[in-house]
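This report describes the fold of one protein chain, from its overall dimensions down to selected contacts. Please look at the structure first and then read on.

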Amino acid sequence: MPDVLPSLPQSIEKLIEAASAFGSALSEAKRNPPSHDLNWYPYDSMASIRHLKLCIQDRYPEFLRALRSGPLLDIGCADGDLSFFFASLGMQVTAVDNRPTNFNWMTGIYALRNYFSSSIEILERDIDSEWKLPDKNFGLTLLLGILYHLKNPYYALESLAKQSRYCLVSTRIANVTPKGTKIEKEPLAYLLERGEANADTSNYWIFSPSGLNTLVRRCGWKVLGRSVVSESKKSPEPVRTDRDAREFLFLRSTRLSAAAEIELGEGWCAKEEQEWAWTLKRFALTVRLLEKESARLFSLEFRIPEAVAAQTGVTLSGSINGIALEPRRYDAAGEFTYEAKLPSSLDQESPMHFEFVVEHKFQPAPPETRDLGVIVSMRREIFGVSEPIPFYLD
């Protein structure tokens, strides 16, 4: 984390005001074309700030935290309008686009970088192929109006979840197909024919709202806020321009923790070949936070097998440095997340010792004699974790 955090607008209204003021400077910068034979990107990228209002206004403190938790990544940046706006607020920014598919072959963003004497980093990447970002983590990624242009949206979202703690996504959605089939509540996507929507051959997948929600969860994201923007009162569909609707999502990665060192303590069984491990009914871990900014909450993902759930359910409780955590009860098999706020009295500059207690009546069959608790995955990639387990700090 930087020693001096950027000075950021402290409300969504102030953010919109700042965006409007920067829009005037942007218009002045774009008075002349970026080159003699190419023009500027024709759509209003800055309008995304206004559209985001309903998505982030109730989570604005967390949005500020996203901006403060690392550099900003702007994927599919077009002329870089949003990149330069956030840079004007004091953010470190990396802007990414693909020269062959960019409207003006990226002459626009390079021209603006010269105009504003900006230090933003510009990367040319085809994120629909095997691509890599710089070897660092980002606080917030902007993925606005890009997802339905990707052949491989799953790969892109999953890759980003490993390098960005937060993400703002917008994409076109559909509640019905062009023939009227209802898909709103089904986890589906409509695959467009070449040029079927807006005569644009780079349009591929239009997700149903349920499909989009399933996609982001499977790729390692938790939805913090959402909103839909549409100029039509009719049900959105994937082809007609007069039935266009965009869903905006504010996401938090479940695969990238705050920077910390985690040491497993007592109560962990040997890792199996499938890369998971049983805990015992009492297990522990010690966490050392590497950031100056305190974490607010933690979460631990685990799995309850059918054989355990059948024995009157499971209760998980515990403590942090002796401060008790609220017990949670689980009455079914499956994957679960224990999430709780970190106590305000907790000294986070010192190691934090987590102890968990599992209560259930399951008794393993002989020759197993260990007092088994729950199952924890050991295959997630989480920053700063010496033993990769799905333990998350934010």
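## Overall shape

The protein chain contains nine helices and 19 strands; helices (H or I, at least four residues) and strands (E, at least two) are DSSP runs, numbered from the N terminus. Its radius of gyration is 23 Å, close to the 21 Å that the globule rule gives for 394 residues, so the chain is as compact as a globular protein of that length. The radius is taken over C-alpha atoms, and the globule rule is 2.2 Å times the number of residues to the power 0.38. Along the principal axes, the C-alpha atoms fill a box of roughly 80 × 55 × 35 Å.

The model is predicted: local features need pLDDT of at least 70, side-chain atom pairs count only at pLDDT 80 or more, and totals for chains, interfaces and linings use all residues. Residues are numbered from 1 along each chain as its sequence is written, and side-chain values use heavy atoms, with hydrogens and water left out.

## Two helix pairs

Two packed helices are described by the angle between their axes and the distance between the axes. Axes are lines fitted to C-alpha atoms, for helices over the stretch in contact, and angles run from 0 to 180 degrees between N-to-C directions. Helix H1 (residues 12-29) and helix H5 (residues 81-88) have axes that come within 10 Å and cross at roughly 115°. On the H1 side the contact (heavy atoms within 4.5 Å) involves Leu 15, Ala 18, Ala 19, Phe 22 and Leu 26, and on the H5 side Asp 81, Phe 84, Phe 85 and Ser 88. Of these residues, seven are nonpolar, one is polar and one is charged. Ala, Val, Leu, Ile, Met, Phe, Trp, Tyr, Cys and Pro count as nonpolar, Asp, Glu, Lys and Arg as charged, and the others, Gly among them, as polar.

Helix H7 (residues 153-161) packs against helix H8 (residues 209-218) at about 45°, with the axes 9 Å apart. Pro 153, Tyr 154 and Leu 157 of H7 meet Leu 215, Val 216 and Arg 218 of H8. This contact has five nonpolar residues, no polar ones and one charged.

## An open sheet

Five strands form an open sheet in the order S10-S12-S17-S14-S15, with antiparallel pairing; two strands pair if DSSP finds at least two bridges between them. Strands S10 (260-264) and S15 (323-330) stand at the edges, each with a single partner strand, so one side of each has no neighbour in the sheet.

S10 and strand S12 (residues 282-289) run antiparallel and are joined by five bridges. Leu 264 has Leu 285 in S12 as its bridge partner.
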